[in-house]
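User: Please take one part of this fold and go through it closely. I want to know which pieces pair up, residue by residue, and what lies against them.

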Amino acid sequence: MKSSALVGVIAASLLLSACGSEGDIEQAFVAKYGKDLCMEVASGFPLSVMYENDISEAADAKWVQALVQEGVLVAGEVSQTGAPPSVLNSANFDLSEQGRTFVRDNMLCYGKTEVDRVINYREYGEGDRRLLDAQVALRHVVTAPWANNPDLRGRVKTGREVIQRTMRWSENGWQLH
């Protein structure tokens, strides 16, 4: 009786080792999604905000002023072009010393995306055509205090996100495609 139970356990282990494991799935998702959270601010610094009468009219004013308020950007000079009544103002903003610590590749980085857990997965197909549908929960962790400013909502990714992707089996294991 004990030997048949042992054979059953061994057979089940072999079957499971051929299937996708949560660890392999999680590893593939970490490789693709476990990255810094960053927001594109400008193609370079200092950045300019154009407006006619008041800077609050500018499309970018709300988030730029929030970054000034949080000490990430500092206001520079304002220049004018044109003649009345068609005067166009250009306000310049540069990174503060604090702001420079958050810059990577001209983007302000404020946290990390982590794989929280594998919710479920389903493997199908045979041989070289094995596929796996996986649903995974991601957690966007904000670490920079300035990123919690309410005027940055919509530009800063926070909270949790559930994603579903199909993976393909290769000789290197499960791969996202």
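Predicted model: local features only at pLDDT ≥ 70, side-chain atom pairs only at ≥ 80, totals over all residues.

Analyst: **The sheet and its strand pairs**

Val78 has Ala91 in S4 as its bridge partner. Ser79 is bridged to Ser90 of S4. These contacts sit in the pairing of S3 with S4. S3 spans residues 73-81. The two strands run antiparallel and are joined by seven bridges.

Next, the link between them. S3 and S4 form a hairpin with six residues between the strands. Gly82 takes a positive phi there, near 90°.

Now turn to S2. This strand covers residues 47-51, and S4 covers residues 88-95. Their pairing is antiparallel too, over five bridges. Here Met50 has Ser90 of S4 as its bridge partner.

The order is S2-S4-S3, in an open sheet of three strands with antiparallel pairing. S2 and S3 are the edge strands, each pairing on one side only. From one strand to the next, the twist averages 25°. Strands of a sheet pair through backbone hydrogen bonds, either parallel or antiparallel.

What lies across S2, S3 and S4? Helix H3, residues 61-69, does. H3 runs at about 135° to S3.

Terms used: Residues numbered from 1 in each chain as written. Heavy atoms only, no water. Pairing = 2+ DSSP bridges. Helix = DSSP H or I, 4+ residues; strand = E, 2+ residues; numbered from the N terminus. Axes fitted to C-alpha atoms, helices over the stretch in contact; angles between N-to-C directions. Contact = heavy atoms within 4.5 Å.
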